[in-house]
Amino acid sequence: MAIPFKVDNVDFSDCIAWNGFGWEKNDIEQDDAGRDDAYTMHRAIGAKKRRTPFKGRDRLPFARAQALGLALDHETVSITYLDLLLGQTTKTFYGTKIAASSIYPVGADTFVDGLSFELVEV
């Protein structure tokens, strides 16, 4: 079973490595959060946001890698993915980076290895 991964409702699950999905939840504290004079922590969570690093599968056809890169190349994107707390869900993200470690020819075809990108919830 592939882990669901859609960008603006276009399925790119086939582009992600079998172990290529990461997940992180970050609590964003309000300004009045912090420790008092007795060093007691007072939480004031303003929001909870996700950060998701991804790794592409090796030997990804160039056209498929390019389609994914173009789909992610927007100020924000709607991502459908598997969230550790919510299950399959759709949230709005922005991208912080996208990289490929190698682009290489094999015969008449071109492939991409080491594709990686990170998305942060808006």
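Is R64 buried or partly exposed? R64 is partly exposed, at a relative accessible area of 24%; here buried means under 20% relative accessible area, exposed over 50%, and partly exposed in between (1.4 Å probe, protein chains only). The model is predicted, so to speak a calculated one: local features need pLDDT of at least 70, side-chain atom pairs count only at pLDDT 80 or more, and totals for chains, interfaces and linings use all residues. Residues are numbered from 1 along each chain as its sequence is written, and side-chain values use heavy atoms, with hydrogens and water left out.**View 1. R64 on helix 1 pairs with D14.** The side chains of D14 and R64 meet in a salt bridge (2.7 Å, N to O). The term covers a side-chain nitrogen of Lys or Arg within 4 Å of a carboxyl oxygen of Asp or Glu. D14 sits in the loop between strand 2 (10–11) and strand 3, and R64 in helix 1, so the bridge ties together parts that are 50 residues apart in sequence. Helices (H or I, at least four residues) and strands (E, at least two) are DSSP runs, numbered from the N terminus.

**View 1. L68 in the largest nonpolar core.** This core has 19 residues, and F5, V7, L68, L72, I79, F117 and L119 touch the most other members. A nonpolar core here is a set of buried Ala, Val, Leu, Ile, Met, Phe, Trp, Tyr and Cys residues joined through side-chain atoms within 4.5 Å. Two or more residues come from each of helix 1 (62–72), strand 9 (77–83) and strand 13 (116–121), and helix 1 gives the most, with four. Zoom in on L68 and you'll find it touching F5, V7, F12, C15, L115 and F117, leaving out residues up to four places away in sequence; contact means heavy atoms within 4.5 Å. As a general point, nonpolar side chains in soluble globular proteins tend to be buried together.

View 2. The structure holds seven aromatic pairs. Rings of Phe, Tyr and Trp (its six-membered ring) pair if their centres lie within 6.5 Å; planes under 30 degrees apart count as stacked, over 60 as edge-to-face and the rest as tilted. F21 and F54 make a tilted pair, because their ring centres are 5.1 Å apart and their planes at 55 degrees. F21 belongs to strand 3 (residues 16–21) and F54 to strand 7 (residues 45–56), so this pair ties together parts that are 33 residues apart in sequence. F21 is partly exposed at 22% relative accessible area, while F54 is buried at 3%. On to F54 and F117: their centres are 5.0 Å apart and their planes at 20 degrees, so that pair is stacked. F54 lies in strand 7 and F117 in strand 13, which means parts 63 residues apart in sequence are tied together. Ring pairs link F5, F21, F54, Y81, F93 and F117 into a cluster.

**View 3. R59 over the ring of F111.** Here the charged end of R59 sits over the F111 ring, 4.5 Å from its centre. That label needs NZ of Lys or CZ of Arg within 6 Å of the ring centre and within 35 degrees of the ring normal.

**View 4. K91 and E121, a buried salt bridge pair.** The closest N and O atoms of K91 and E121 are 3.4 Å apart. K91 lies in strand 10 (residues 87–99) and E121 in strand 13, so the bridge ties together parts that are 30 residues apart in sequence. Both partners count as buried, K91 at 18% relative accessibility and E121 at 11%. Elsewhere, salt bridges that share partners join E24, R51 and E118 into one network.
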